[in-house]
Amino acid sequence: MNQKDAIYSQPKSKVNDFCFDEAVAQVFPDMIQRSVPGYSTIIDNIGLIANRFAQQDSNLYDLGCSLGAASLAMRRSVKQPNCEIIAVDNSQAMVDKCLLHLNAFKSDIPTKVYCNDILDIEIENASVVVLNFTMQFIPPPQRDMLIEKIYSGMKPGGVLVLSEKIRHENCLANELVIDLHHEFKRNNGYSELEISQKRSAIENVMLIDSLETHKTRLDKAGFKNFVMWFCCFNFTSMLVVK
Ligand code: GEK
């Protein structure tokens with residue numbers, strides 16, 4: 001049974017900036033499931049996409065892996081021989097729990113989990129790279145460099161899956177999707193207090209781009225075949241190919 005996310009259920013005198021600490025890691029599956037529309041669909045289809053693009057003798061990266069949901073999906077789906085999954089997160093609490101999750105299932109695909117900043121790691125021999133709701137936590141000035149590094153560490157024909165919360169350029173459209181997302185959270189049992197305290201907590205931590213900004217950055221790095229393969233309100237998942 002997943003532990004219920006009640007982190008913002010009581011009034012706080014001061015709402016601190018959100019961080020991926022032990023308390024968050026503890027309730028993470030429930031938090032992400034009730035907060036991100038289509039999360040399970042995205043995870044399952046990351047497996048499907050990874051299986052289409054994975055190449056023999058290559059690495060599959062799960063960057064900002066949290067508890068390893070995308071790594072597990074890849075392990076379930078990828079059939080190519082001699083692949084290795086490399087999962088990275090800079091929260092020790094997440095990495096500790098990720099290892100427990102991964103070890104609970106048998107797999108033929110070896111998986112390494114590192115506690116590290118994805119800005120500091122090397123990407124090499126990659127046929128699949130997954131950034132599932134991670135880029136939005138990277139400081140904006142570093143984002144171009146991260147995408148360029150990923151591109152240069154990828155094999156031709158490899159895929160980058162980038163899932164993000166996005167901002168619509170059109171103000172009214174943006175307000176509408178934010179409102180619909182809050183309704184989604186209410187329907188999943190979050191109170192007005194929880195929604196507003198969480199919003200304040202992530203305000204300075206999760207800085208979101210528009211779809212156009214993502215697309216331009218990916219184009220500039222050299223990626224091709226941009227496809228927005230999932231979208232629900234202000235949550236989207238894109239894929240591009242090297
Ligand atoms: C999933 N992908 O379940 N380096 C490494 N990790 C980072 C960094 C960084 N610089 N910044 C943030 N993180 C997951 C969900 S959650 C999304 C990803 C969310 C990590 C952070 O510690 C957290 O575990 C993850 O990125 C973002 O498919 O909570 O909205």
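Helices (H or I, at least four residues) and strands (E, at least two) are taken as DSSP runs and numbered from the N terminus. The structure described here is a predicted model, in which local features need pLDDT of at least 70 and side-chain atom pairs count only at pLDDT 80 or more, whereas totals for chains, interfaces and linings use all residues. Residues are numbered from 1 along each chain as its sequence is written, and side-chain values use heavy atoms, with hydrogens and water left out.

Helix α2 spans residues 39–53 and includes Leu48. Residues are classed by relative accessible area as buried (under 20%), exposed (over 50%) or partly exposed (in between), with a 1.4 Å probe and protein chains only. Leu48 has a relative accessible area of 53% and is therefore exposed. Between the C-alpha atoms of Leu48 and Asp89 the distance is 23 Å, and the two residues are 41 apart in sequence.

Helix α3, residues 69–77, contains Ser71. The relative accessibility of Ser71 is 0%, so this residue counts as buried. Contacts are defined by heavy atoms within 4.5 Å. Beyond the neighbours within four places in sequence, Ser71 is in contact with Asp62, Ile85, Ala87 and Leu102.

Leu102 is also one of the buried residues of α4, together with Ala93, Met94, Val95, Lys97 and Cys98. These buried residues pack against helices α1 (22–35) and α3 and against strands β2 (84–89) and β3 (111–115). Helix α4 itself comprises 12 residues, 92–103, and its first and last C-alpha atoms are 17 Å apart, close to the expected 16 Å at 1.5 Å a residue. The expected span is 1.5 Å times one less than the number of residues in the helix.

The ligand was examined next. A residue is assigned to its surroundings if one of the residue's heavy atoms lies within 4 Å. By this criterion 20 residues surround the ligand, and the closest are Tyr39, Gly64, Ser66, Asp89 and Asn132. Polar contacts are pairs of N or O atoms within 3.5 Å; within protein, one atom must be able to donate a hydrogen and the other to accept it, and residues adjacent in sequence count only if both atoms are side-chain atoms. An oxygen atom of the ligand lies 2.5 Å from a polar side-chain atom of Tyr39. A polar backbone atom of Asn90 is 3.2 Å from a nitrogen atom of the ligand, and an N or O atom in the side chain of Asp117 is 2.9 Å from a nitrogen atom of the ligand. Of the 660 Å² that the ligand exposes when taken alone, the protein buries 93%. Accessible areas come from the Shrake-Rupley method with a 1.4 Å probe, and for residues only the protein chains shown count as cover.

Asp117 belongs to the loop between β3 and β4 (126–132). With a relative accessible area of 26%, Asp117 is partly exposed. The side chain of Asp117 also places a polar atom 2.8 Å from the backbone nitrogen of Leu119. Although Asp117 and Asn90 are 27 residues apart along the chain, their C-alpha atoms are separated by 5.0 Å.

Strand β7, residues 235–241, is mostly covered, with seven of its seven residues buried. Phe235, Ser237, Leu239 and Val241 are buried on one side, and Thr236, Met238 and Val240 on the other. Strands are considered paired if DSSP finds at least two bridges between them. Strand β5 (residues 154–165) pairs with β7 in the antiparallel sense over seven bridges, and Lys165 stands opposite Phe235. Strand β6 (residues 224–232) also pairs with β7 in the antiparallel sense, over six bridges. In β7, Thr236 stands opposite Cys231, and Val241 opposite Lys224.

A hairpin is formed by β6 and β7, with two residues between them. Phe233 is found in the loop between these strands and has a phi near 55°, a positive value in a residue other than glycine. At 28% relative accessibility, Phe233 counts as partly exposed. A positive phi, near 60°, also occurs at Phe133, which is placed in the loop between β4 and α5 (143–152). Phe133 has a relative accessibility of 7% and thus counts as buried.
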